[in-house]
Structures are given as structure tokens and as C-alpha cells.
Amino acid sequence: MPYPFWDVMVGYGPLMAAIAVIHVFVSHFAIGGGLYLVVAERSARKAGDEGRLLFVKKLSKFFVLTTVVFGALTGVMIWFIIGLLNPKGTEALIHNFVWAWATEWTFFFVEILAAILYFYGWKRMSAKNHMRIGWIYFWAAWASLVVIVGIITFMLTPGKWLETGNFWDGFLNPTYASSVFFRTGVCILMAGLFALLVAARYEAGDLKTRLVRGNTLWALAGLLIAGACWFWYKASIPDATWLTAKHQLSIAASALERFQWATYLLFALLAVLGLLLARMWNTVFAILLMVVGLYWFGSYEWFRESARKPYVIPGYMYANGMRVGDEAAWRRDGLLSHVDFRTGDDGADLWRYSCRTCHQVDGYNPVKQAFDHTDPGFIAGSILGIHKMKRALDPFPGSEKIRKPMPPFMGSEEEAKILAEWLWERVDQRPMHEAAGLSGPELGAAVYELRCARCHAIDGPDGLRDPLEGESEEDLREFLSDPADGMPALSGDERDQQALLDFILGWYESEKGGE
Amino acid sequence: MTTTCPTLLAALPDYDILPGPLWLIVTLHLLTLTLHFVAMNFMLGGIVIVLFGRIENRWQNPVVRRYLKLFPSLMAATVSIGVAPLLFAQLTYGGPVYAASIVSAWLWLLIPLVAMIGYYFLYGSAFAKEGNPRVKVWVSVALLCLLYVSLVYSSVFSMAERPEVQKAVYEGNPSGFALNPNVGDWIWRWLHMVTGAVTVGAFLVGVLGRNDEQVFKAAKRFMLGGLILASVTGVLYLLTLGDHLKPFMKSSGIWTMTVGIVLSLGMLHFFFKKKFWGAGAMIFVSLGAMVLTRHALRLVVLPEAQNPSTPYEGKVVPQWDVFGIFLACFLVALYLVYWMLKTYFTDHEGET
């Protein structure tokens, strides 16, 4: 790992999202807005509608100030932040797609110049040339989308690139085409939302009502295109990725849910406020629509970003920048021997390079709750076997446990112990009986919940009840003290241990009682 | 055609390839960086002269007003051209630059944000009505923003050349709030850049104010003063190189630097005689020479393991078809830029 790790006080996920979501919101407007401006200008000129033409002029000023400044610089900010948060992933993308990015840059440059000249050209140029520049703007902006989508979708579905390393296999990956059209719909929608915001500042009257209805229909058209393409996009995501995202990644699953209901909400708000109540259109309505639109698209982006976890490039590079296939060598050599930038605190360095990209100890996606009331032995065992964890199947009625796919720990056993000690110093070290004030079966159930239930159900196909049936307490203790297949050994506070054993043995006691 | 990666490992491809010959990528990096510097210098230098030049009724002066309207476009050009060298820098000397940016992460991340603030203030000044007293404040804030951006750039890129400094700083402070602690590494370099920008910016001020004696006089003064200060700070920067100075003197950098100095002096001569085409050409070439010098110096300073050519030995896998698409798009873009500018400046039908 030739790069230092930025030990920032906030989670990487929210930090990335804060910049990326705002950027994509504006950048999609920048594309759809280009189309909106020329189409609206053409139609206003054709109809001799001076009021509408004036609106387009006003919108173009807002458009330039929003897209050329804010859009462009938040785009640069994304460039900066990905290099800070995941330099290895960024490096991998640039090495493979530099010419695609360079191509996108040529469109970006044309786009910026065209936007400026379009804005300054209102009073200066002929209508024909003015609109020509508008069309150049739109096509350049859309072409930049067509290019950049190849790289963005590669990060979710690298496709055959994993076998060939060929540029085109990565660029024209399974979700590429559907994404281009889905995002084109989003661009159209965003243009409608921003146009509705500008229209809100107009005095009430026929012109305003016409503008609001026209902009709403424009936005609805975008939403329908995006909605239709969403099903295509969904179908083009490989089953394994989709199922993992939906059932095993809680962040992706909840983002997907938010995206779906926000789609209906956005549709309903547009239809009711923009069409039925068009005469009452005001800034509050417009801002409400913008917020819902941001939430809707932000949820989609959050889903897309988190659906590829635990990878940054699925099947190739983990989110922490370590490459699939390097496990054996790194475990043998020790992770820290591959790290160029050290701070002198090995536990902290191991935490940073292994876990910190996705987790905070106690903050975003925290690990604290998984290790509170445990012990260094349990934590070390969990770290070493973390990639083997399987999804638990409702060990207790009403509590659904969803496993988060994790990359393997790439360090040695000794390093796992160092990391475990470091983590243990930062969690609640009190044993469960002391912290929760429990005893008897309740204590056993709580210890089971903490130490076993993340992977093991009691009943069902993966349940423990059947395999452990007939074991004596001594046998059970012996087995749990040296379990197979990367499972953490029974360790920690003696009273908690005993409660766990009693809890497990209690399953059969109750059966006997029942008989 | 794009070839399948030959360094395919047992199962997965190696990403650490170079998708074109190093010379091509370095050339593109240096060319786009030169263009970025031209736009940036016109803007930064222009702001300094507009703010501090001896111009009576400054904010009512037509040349100053014209320059104010030009600032946002210069900023747009600086930003949009600047994306390309940053992209190619990853391949040219990516590792050290990325590592240094992480050590200064917060300060680095603030660059686009601060630039955005400056950008909006420049737009505010461009749209302001004549006589608006706030313009001076707005342009001053924009200048401070640009100075921040250039200062952090100088610090990060100087630290990129010193891996041992990066490691030492990171060890003490991994939270991303650190500048290069060896101020001598970057302060002269930064001042050299800023004073150089004033020199180049004076050229555009002079061109726009060629018929306004007062403005042209100010431009001449700043060009001369900027050049003197840039030379002094440049020499001071070279003196901070220590052991690297001798190898640098033996490298190609000394020749490009000489060319840059000679052309700068020539530029001064042509500019004072109002021969702007000659002066402009010399400015562009001398800036290119300085960019080449900077590259040569970096090759001398960087340790062998981080020299651009080292990591890619045997790993060049050209993607000629994709490069061809880039080249075609680039040429189309150049034509479109030409056509749009020509149309914009020749079509006045809308004014009638």
C-alpha cells in the first residue's frame, strides 16, 4: 500500500455522498438543461412567445451560474475526493480508462465554452447561431455522460474485463447501455425540476401557469424514461450482485427501498402540484420538489455505490484498496509489511488500512456494537474469520439479521491480535452480565445474540439445534473452545460463558420437559 | 486495436499498466499543463494588476471593466483545462502526488471549494453595475481564494517530491491537516509561480489596454517587476535544492530554463514595443519551457523507484483504438471551439 490513509473524523461513505450526490444532481441538470434550453428557445421563437423566450433567457443565466461554476467545481471535487478516499481504486480506474477520461474532457471543455457563449450570445448573435451553440452544448454534455457512464458502471459490473483486462470489455459492461438511458431520463427530469424552480419566481398569471405545466410535463417525461429504464437497468445487474445488495447489504437495501418509494412520491407531487395546482405554484412547492428529487436521485446513487460492497471493483479490488487474490501473500508477510505509511501505532494502522474505509468504531457503520462486552480473543477470532460469516436466519422471532459481506482480513494472526487489542480498548469492556444486569436464560440469550447469532440460527437449515443435540456440557465446552472453520473460540468472562452453555443446553431441556 | 492485457495473472488482470507510451502521456501532461498555466496566469496576474495597478478611477476604467467581465471566462478556462494535466499526472508521477495530497487532505479538498467561492465573486464583479463599491472587495476575496489554491498546490507538489517528508508528516499527523513543513521547499516556488503569473497577466492587461496609456503603463510596470521578482524567487528556489542542484544543472532542465529566461527577456522587448504577436508567442513558449524545466527537475529530485518510467517497465499496453477516439474527439473539439469563438465574435446580428 504505497499511499497514506486519511484518518478523517467522519465516515468515508457520508463524506463521499455529500459531495457526489450534490454533484450528480447538478451535473445531470447540466445535461438535461442544455436540451431544455434549446428546445424551449426554438419553440418560443417559432411561436413568437416573448414571455417564454424571456424565461429561457433567465433560466440560462441561472443555468450557467449553477452548472459552469458549481457543477464543474463539484466535479473536480469528486476527482479530488476519490483520490483521497481510495487512491488504489482511482489508480486502477485511471490506468485502464485514461483515454476515456481524456475523451470526456474534450467534451467537457466544449460544453463549458458553449454554455458561456450561449449565455453571453443572447443579445449578440443571430437566433440560428445561438441555437446552434445551444445544440453543441447539449450534444457535448450528453457525450460526456455517455463516456463517464462506462467508467461508473464498470465499478459495479466489470463484466468480462475480469477475465480479459480489455478496455472495451470493461467499458461496455453489463449495466452500461441501460445506465446511459436511465441517466438520460434523469437529466431530463432534473432540467424540469430546475426550470420549475426558476418559474416559481414569476408573478402569478397565465404565463406562469403555462410555464409550470410545461416544465412539469417535461419533468414527468424524464421520470417516465428513467422509470422505464430502471427495470432494464435492474435486469442487467447480475443476479448475484442484485441478491447480495437486496438481501445482504443493509445500506444498499434501504437505499433501494427509499429510491422506490421516492419515485412514487416524486411522480405524485409533480402530478398534483405541477399539473392540478399549477396556478398556485410557488417557491415552497419548487423547493419541495427539488428536495424530493435530490433525495430520490441520492438514494439511487447510494444504492449503486453500496451495492458493490465489499468491493470497489467487484471481484477485483476490495473497498479498502486491497486486491482480490493477494490474501495469501499478505497474510504470510503481514499486512503492515506492505504498508509504506505508518504512524507508530500498529493497531491504529491495521484498523485504518483494513476496516476504516467502510467503518468507524462508533459512528458511521460502526463496529463497536459487535464487540461491546466481548474480549480480545473473540474480536481476533471474528477478524480472522470475518469473510466466512454466513447470513443468520432469524435466530429470534422478529429480529432479522443481515450479514454484510466483508473482505478477508489481509494480515497475519499476530496482526489480528494487535488489531483486536486496539479495538477492545475502544469498546465497552464490561461483560454482558455486568453491563446488561442479566442472569439465567436471559443472559445466555443475550450472549448468544452477541457472539453466535450473527452467523447461526437456532432452527432452520443452518440452525444449531440439530447438530449440537446430545452434546454434554463438557463436550460443548471443548468443541466451542476450539471450533473449526474460522469461528471465534469460546472466550471472555466465565459467567457469560456459562450462561451461553446453559442457554444452548436449555434448548434440549425444554424439549425433554415437553416430552 | 486495444490488446488484452498480457500481464494477466493467474485469474485477474493487472491494472497497473500504462495504456500508451510514457512519452505520449508525458507530452499530453506537459502540453495541457502549459495551457492551464496560460489561462491561470492571465486570471491571477490580471486580478493583481486590476487591484494594485496605478489606474485612476480604477473601477470606471473601460479596460478594467472589460477585464472584470473576462475573469469568469478565464476561470472557466483555468478549471476546464486544468482537469487534463491532473488526469495525466496520475500516470506520469501519480503515486507521490496522490500520497502528498492525502497528507494534506483537508487543505487539498478545500481547493475546489475555495476556487468556487472565488469564481462566484468573479461572476459577482462581472455582473456588477459600474460604480458598485463592493467590486473591490469581491475581487480581493477572489484573489485570496486563488492565492490559497496556488499555495496548497505548491505545498502538495513540493511534498510529492519528498517521500521521506510525506512519511514523517503523516506519522505525526494522519488527519490531513498538514502542509509541507519544510517551508523553504515551497515558499519560493510558490512566490515564483505568483510573480510569474503577474508577468504573464500583465501581457493580457497590456493587450486589452494597448490604447489606454495609463493601463499600458501599469501593465509594463507589473511585467517588469513581476519578471524581476520571478527571477529572484526562481534563483532562491534553486538554492533550496541542495544536493539536487548539481544533477539538475547537468540535466536537460538547465537548457529549457535558459530558453525560458531568454524568451522572457525577448518577450519584454516585444511587449514594450507593443508587438503583441511576438510577445505572446514568446510568453507561450517560455511558459512551455518552464513547464519542461519543472518536469526535468522533478525527474532529478524523485527517487529512482518513483521516477515515472520505473513502474511501467514491461507494462505498456497501448490502447490505440481508444486513443484514436480521443484524438478524433480532441480535433473535433478544437474545430468546435474555433467555430464557436469565430461565430461569437463575428455574428452581431442579435445586436441589431
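Reader: Among contacts in chain A between residues at least 6 apart in sequence, what share joins residues at least 24 apart?
Author: That share is 74%. Two residues are in contact if their C-beta atoms, placed from the backbone, lie within 7 Å. Keep in mind that this is a predicted model, where local features need pLDDT of at least 70 and side-chain atom pairs count only at pLDDT 80 or more, while totals for chains, interfaces and linings use all residues. Residues are numbered from 1 along each chain as its sequence is written, and chains are lettered from A and ligands numbered from 1 in the order in which they are written.

Reader: OK, and how many helices and strands does chain A have?
Author: Chain A has 21 helices and two strands. These are DSSP runs numbered from the N terminus: helices are H or I with at least four residues, strands are E with at least two.

Reader: How much of chain A is buried?
Author: Of its 515 residues, 51% count as buried. Buried means 20 or more other C-beta atoms within 10 Å of a residue's own, exposed means 12 or fewer, and partly exposed is in between, with C-beta atoms placed from the backbone.

Reader: Switching topic: how many residues are in contact between chain A and chain B?
Author: On chain A there are 67, and they meet 63 residues of chain B.

Reader: Which helix of chain A gives the most to that side?
Author: Helix 3 of chain A does, with 23 residues. The residues on chain A's side are 47 nonpolar, 15 polar and five charged. Here Ala, Val, Leu, Ile, Met, Phe, Trp, Tyr, Cys and Pro count as nonpolar, Asp, Glu, Lys and Arg as charged, and the others, Gly among them, as polar.

Reader: At what angle do helix 2 and helix 3 of chain A pack?
Author: At about 165°, with their axes 12 Å apart. That makes helix 2 of chain A roughly antiparallel to helix 3 of chain A, a label for angles over 145 degrees. Residues making the contact include Val64(A) and Ala72(A) of helix 2 and Ile112(A) and Phe119(A) of helix 3.

Reader: Now chain B. Which residues of helix 5 are buried?
Author: In helix 5 of chain B, residues 163–172, they are Pro163(B), Gln166(B), Val169(B) and Tyr170(B). Seen down the helix axis, they fall within an arc of 130°, so they line one face of the helix.

Reader: And what do those buried residues pack against?
Author: They pack against helix 2 (62–103) and helix 4 (134–160) of chain B. The face turned away from the buried side carries the exposed residues Glu164(B) and Gly172(B).

Note on methods: Axes are lines fitted to C-alpha atoms, for helices over the stretch in contact, and angles run from 0 to 180 degrees between N-to-C directions. Angles under 35 degrees count as roughly parallel, over 145 as roughly antiparallel, 65 to 115 as roughly perpendicular and the rest as oblique. The arc is that of the directions from the helix axis to the C-beta atoms.
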